[in-house]
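This report walks through one protein chain.

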Amino acid sequence: MSFFYFIPPQLYHTVFIVLICGLCFLTSFYYSFSNDNKCLYAKSKVGLFFSIVLSIIIIMFLGPRPVHIAFVDTGYYVFGYENVINEYENFSLTTEWLWHNFEFFCKNIGLTAKEFLLIVEFLYIGIALLVSVKLFPNHTWIAILFFMSSFSFYTYGINGIRNGLACHIVLLAVVLISGKIWEKVFSVLLLFIAYAIHRSTALPILCLLASFFLIRSTKVAIFFWASSILISLVAGNFLGDFFNSLNLYEEKSDYFIEVGMSETTATFSSTGFRFDFLFYSFFPVLMVWYLTVKRSFNDLAYNIIANTYILANAFWIMVIRATFSNRFAYLSWFLYPLVIVYPLLRMKIWDNQDKWMAAILFAYAAFVFLMTFVYYG
């Protein structure tokens, strides 16, 4: 049973957004009074402690959630887990064999469906925390707030959990690939694991490899992103139909169709040119342009992170009319918070950077808050 059994399933999203955005607003309020650059140079492990506490609370909140229509795909995953084929699946490049074997292993050691979901939630949130600690050891609190308040964080913690877990594994690989030799080797292993969990990660994986080996210039990536809008406007219907024909999300069984269609799903599955999604996707591109083109910052790790996001997002724009295009958008959006928070905590961009960071964090959380309760509410 969940520790939060007293909260109705319909209110989980509300409670999560109010809690995380509230913490973002309080944190931004605190830094808005600073005339220094504490977000760059202050050294403290207090934020790490509170980041761990918050992560544990969210894991225990979302992990053992009840099976309810409010959690959309959760019913599908529970149904799949309880009816998992009782044998290991051999290695294959055409199936998500590792996910099936992970389910089979957990089922064989006697874990219930809720315990299985708890483990997946632990991995999903734990990787975000690990990335925050790895890159921002003295400012983990700010980083984890950016991750948790991102537009898609909650959705892929309770809905497309396999996609969310696989993308967070890619996220860790993106962070490690510009590091030491052993980190590069480990990042390749992580990419292999992510693909074996969800094949849709082939897109960010290819974009990451292109960013590492071929496209180091953010100008090229930004030009490609801008061009993708024109391509989508001209040939978007054809590309959208082609993407739908690939059936990358064919795991949506009749069971899901019958019990999983909520208003949120219906909203996100609407087709057409999604100007709202494009508007949301634009800000990291603007951030990258300002830093690397206008201000001439040159950070290899950041260039790889930024280009991976921009290239993956550009491919999504081309198929923006496809059904459930938000799921395709997530193949870039999982990098969104990292593109924003990395320069704020690792680059000296402005005097009084604390105030700038506070303003951006406030606007970042306010956007998600308004989108949740006003635009989609």
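## A residue inside the core

Setting aside residues up to four places away in sequence, Ile 58 touches Phe 16, Leu 19, Ile 20, Gly 63, Ile 125 and Met 148. The model is a predicted one. Ile 58 sits in helix α3, which covers residues 46-62. Its relative accessible area is 1%, so Ile 58 is buried. The C-alpha atom of Ile 58 is 8.8 Å from that of Glu 121, a residue 63 places away along the chain.

The largest nonpolar core has 120 residues. Within this core, Phe 16, Val 131, Met 148, Tyr 302, Trp 333 and Leu 338 touch the most other members. In soluble globular proteins, nonpolar side chains tend to be buried together.

What does Leu 338 touch, not counting residues up to four places away in sequence? Its partners are Val 131, Leu 135, Phe 136, Phe 147, Leu 171, Val 175, Ile 305 and Pro 343.

## The chain as a whole

The protein chain has 19 helices and zero strands. It runs to 377 residues, and 54% of them count as buried. Take the contacts between residues at least 6 apart in sequence: 80% of these join residues at least 24 apart. The chain exposes about 16,500 Å². Carbon and sulfur atoms supply 69% of that area.

## Charged pairs

How many salt bridges does the structure hold? There are five. Three of them are listed here, among them two that share Glu 96.

| Salt bridge | N to O distance |
|---|---|
| Glu 96 with Arg 162 | 3.6 Å |
| Arg 199 with Glu 96 | 3.3 Å |
| Lys 348 with Asp 351 | 3.1 Å |

Side chains of opposite charge can pair when their charged atoms come close.

Take Glu 96 and Arg 162, whose closest N and O atoms are 3.6 Å apart. Glu 96 lies in the loop between α4 and α5 and Arg 162 in helix α9, so the pair ties together parts that are 66 residues apart in sequence. Glu 96 has 17% relative accessibility and therefore counts as buried. Arg 162 is also buried, at 6%.

Glu 96 also meets Arg 199 in a salt bridge, at 3.3 Å from N to O. This pair links distant parts of the chain, 103 residues apart: Arg 199 is in the loop between α10 and α11 (202-213), and Glu 96 is in the loop between α4 and α5. Arg 199 is partly exposed, because its relative accessibility is 26%. Together, Glu 96, Arg 162 and Arg 199 are linked in a network of salt bridges.

A polar atom of its side chain lies 2.7 Å from the backbone oxygen of Ile 197. Arg 162 belongs to helix α9, residues 161-176.

Helix α10 covers residues 181-197 and includes Ser 187. Is Ser 187 buried or exposed? Ser 187 is buried, with a relative accessible area of 0%. Beyond residues up to four places away in sequence, Ser 187 touches Ala 173, Leu 176 and Ile 177.

## Toward the surface

Lys 348 and Asp 351 form the remaining pair in the table, at 3.1 Å between the closest N and O atoms. Lys 348 is partly exposed, with a relative accessible area of 34%. Asp 351 is exposed, at 61%.

Lys 348 also contacts Tyr 41. Apart from neighbours within four places in sequence, Tyr 41 is in contact with His 139 and Lys 348. Tyr 41 lies in helix α2, residues 38-41. At 53% relative accessibility, Tyr 41 counts as exposed.

Which residues make the nonpolar surface patch of about 640 Å²? They are Phe 91, Leu 93, Trp 182, Phe 186, Leu 189 and Phe 192. Phe 91 is in the loop between α4 (74-82) and α5 (97-108). Phe 91 counts as exposed because its relative accessibility is 51%, and the cut-off is over 50%.

How values were computed:
Residues numbered from 1 in each chain as written. Predicted model: local features only at pLDDT ≥ 70, side-chain atom pairs only at ≥ 80, totals over all residues. Heavy atoms only, no water. Patch = residues over 30% accessible without salt bridge, like charges linked within 9 Å, V, L, I, M, F, W, Y side chains within 5 Å. Areas by Shrake-Rupley, 256 points an atom, 1.4 Å probe, with all protein chains shown as cover. Salt bridge = Lys/Arg side-chain N within 4 Å of Asp/Glu carboxyl O. Helix = DSSP H or I, 4+ residues; strand = E, 2+ residues; numbered from the N terminus. Buried < 20%, exposed > 50% of the residue type's maximum accessible area, 1.4 Å probe, protein only. Polar contact = N/O pair within 3.5 Å; in protein donor to acceptor, adjacent residues only side chain to side chain. Core = buried A, V, L, I, M, F, W, Y, C linked by side-chain atoms within 4.5 Å. Contact = heavy atoms within 4.5 Å.
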